[in-house]
Amino acid sequence: MTLTVHDAAGLRDALRARRTAGPVVLVPTMGALHAGHLSLVAIARERAGEGGTVVVSIFVNPIQFDRRDDLDAYPRPLEADLDACRSAGVDVVFAPSADAMYAPDRSVTVTETALSRHLCGASRPCHFDGVCTVCLKLFLLTGCDAAVFGEKDFQQLAVIRRMARDLDVPVEILAGPTLREPDGLAMSSRNARLTPKQRADAPRLHRALRDAAALDSPADILAAARREIEASPHARIDYLELVHPHTLRPASARPAVLAAAVFYGHVRLIDHVHLPVAGASGSGKK
Ligand code: AMP
């Protein structure tokens with residue numbers, strides 16, 4: 001049975017007895033659940049074991065949005081999400097309101113000051129402050145033993161791991177691979193907001209990164225990816241960068257990550273591919 005709770009007290013009550021029976025594993029989401037989210041739930045289920053508890057949080061976190069229109073347009077199909085959680089065997093859904101999460105005069109924010117300065121953090125100032133703050137709150141509210149994040153948001157994963165390390169947060173951070181549509185587009189709650197023309201064109205993003213990653217020189221890689229993305233009349237590049245996989249600083253040699261954010265109209269999609277050192281296992285063609 002899936003229990004749905006909407007505030008800290010409800011969550012505490014739901015987890016009190018369960019906690020003694022096994023680990024609590026959290027999957028933080030903003031809802032509009034798709035198969036990518038549910039693959040993280042499966043990882044959580046595995047980690048929690050039979051007696052453990054899988055918690056999915058569904059919260060469109062206002063403080064991580066840099067644009068009001070993006071926050072307002074973010075899909076919130078709660079009933080469908082609850083159905084998906086029931087079918088996936090989630091034990092507890094935590095779906096708070098913004099008021100339940102944040103005091104009107106909140107004045108404490110968690111800031112990561114290195115990894116979050118690049119890529120999405122450079123084009124969305126304060127985004128990762130919002131992400132770190134909400135994740136730490138969710139970790140504290142659930143008292144989870146582990147939490148599962150998607151590699152799709154690889155910068156988010158790196159920032160959360162750094163926060164957990166630097167603040168001694170006693171939560172094991174697990175990662176799941178990116179699930180894609182059959183045409184290669186990374187699954188995302190934002191895909192539903194693409195027009196049919198934009199949706200037809202969007203797989204170009206992954207194709208551009210994947211094909212460019214097969215080239216040798218960084219300049220050729222960046223030029224080829226840019227050419228392919230910009231060949232579309234629908235796409236506008238927010239950033240396209242080669243960065244080191246650990247520091248996220250600009251990289252001029254392998255190992256590297258080729259990462260991009262691209263606007264299709266008002267919808268901003270992100271994707272990346274790994275460029276491992278030549279000869280290393282796992283070619284990174286995710
Ligand atoms: P979101 O609801 O977009 O905040 O995402 C919640 C979690 O699901 C994050 O850890 C994301 O990285 C992860 N996620 C989003 N899309 C995918 C995907 N296509 N495959 C796997 N995980 C994903």
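1. Surface. The protein chain exposes about 13100 Å², of which carbon and sulfur atoms supply 54%. Accessible areas come from the Shrake-Rupley method with a 1.4 Å probe, and for residues only the protein chains shown count as cover.

2. Basis of the note. The model is predicted, so local features need pLDDT of at least 70 and side-chain atom pairs count only at pLDDT 80 or more, while totals for chains, interfaces and linings use all residues. Residues are numbered from 1 along each chain as its sequence is written, and side-chain values use heavy atoms, with hydrogens and water left out.

3. Overall form. The protein chain has 11 helices and nine strands; these are DSSP runs, numbered from the N terminus, with helices being H or I of at least four residues and strands being E of at least two. The radius of gyration is 19 Å, close to the 19 Å that the globule rule gives for 286 residues, so the chain is as compact as a globular protein of that length. That radius is taken over C-alpha atoms, and the globule rule is 2.2 Å times the number of residues to the power 0.38. Along its principal axes, the C-alpha trace spans about 55 × 40 × 40 Å.

4. Burial and contacts. Buried residues make up 53% of the 286 residues in the protein chain. Here buried means under 20% relative accessible area, exposed means over 50%, and partly exposed lies in between (1.4 Å probe, protein chains only). Among contacts between residues at least 6 apart in sequence, 70% join residues at least 24 apart; a contact means heavy atoms within 4.5 Å.

5. Charges. The mean positions of the 34 positive and 33 negative charges of the protein chain are 2 Å apart. In this count Lys and Arg are positive and Asp and Glu negative, while His and the chain ends are not counted. The place of a charge is taken as NZ of Lys, CZ of Arg, CG of Asp or CD of Glu.

6. Salt bridges across the chain. Side chains of opposite charge can pair when their charged atoms come close. A salt bridge is defined as a side-chain nitrogen of Lys or Arg within 4 Å of a carboxyl oxygen of Asp or Glu, and by this rule the count comes to 19 salt bridges. In one of them Arg47 pairs with Glu172, the closest N and O atoms being 2.8 Å apart. This pair links distant parts of the chain, since Arg47 is in helix α2 (residues 35-48) and Glu172 is in strand β6 (residues 172-176), 125 residues apart. Arg47 counts as partly exposed at 31% relative accessibility, and Glu172 counts as partly exposed at 35%.

7. Further salt bridges. Arg268 forms a salt bridge with Asp238, with the closest N and O atoms 2.9 Å apart. Arg268 lies in strand β9 (residues 267-275) and Asp238 in strand β7 (residues 235-243), so the pair ties together parts that are 30 residues apart in sequence. Arg268 counts as buried at 10% relative accessibility, whereas Asp238 counts as partly exposed at 27%. Elsewhere, salt bridges that share partners join Asp201, Arg204, Arg207 and Glu228 into one network. Asp69 also forms a salt bridge, with Arg67, and the closest N and O atoms are 3.1 Å apart. Asp69 is partly exposed, with a relative accessible area of 37%, and Arg67 counts as partly exposed at 22% relative accessibility.

8. Backbone features in the loops. Which peptide bond from Arg254 is to be noted, cis or trans? The bond from Arg254 to Pro255 is cis, with omega near 0°. Pro255 lies in the loop between β7 and β8 (256-264). Leu248 is also found in the loop between β7 and β8; its phi is near 65°, a positive value in a residue other than glycine. At 0% relative accessibility, Leu248 counts as buried. Ala32 has a phi near 50°, again a positive value in a residue other than glycine. Ala32 is found in the loop between β2 (24-29) and α2 and is buried, with a relative accessible area of 12%.

9. Surroundings of Ala95. Ala95 is placed in the loop between β4 (92-94) and α5 (98-101). At 9% relative accessibility, Ala95 counts as buried. Not counting residues up to four places away in sequence, Ala95 touches Val5, His6, Ile58 and Leu78. The C-alpha atoms of Ala95 and Val131 are separated by 16 Å, the two residues being 36 apart along the chain.
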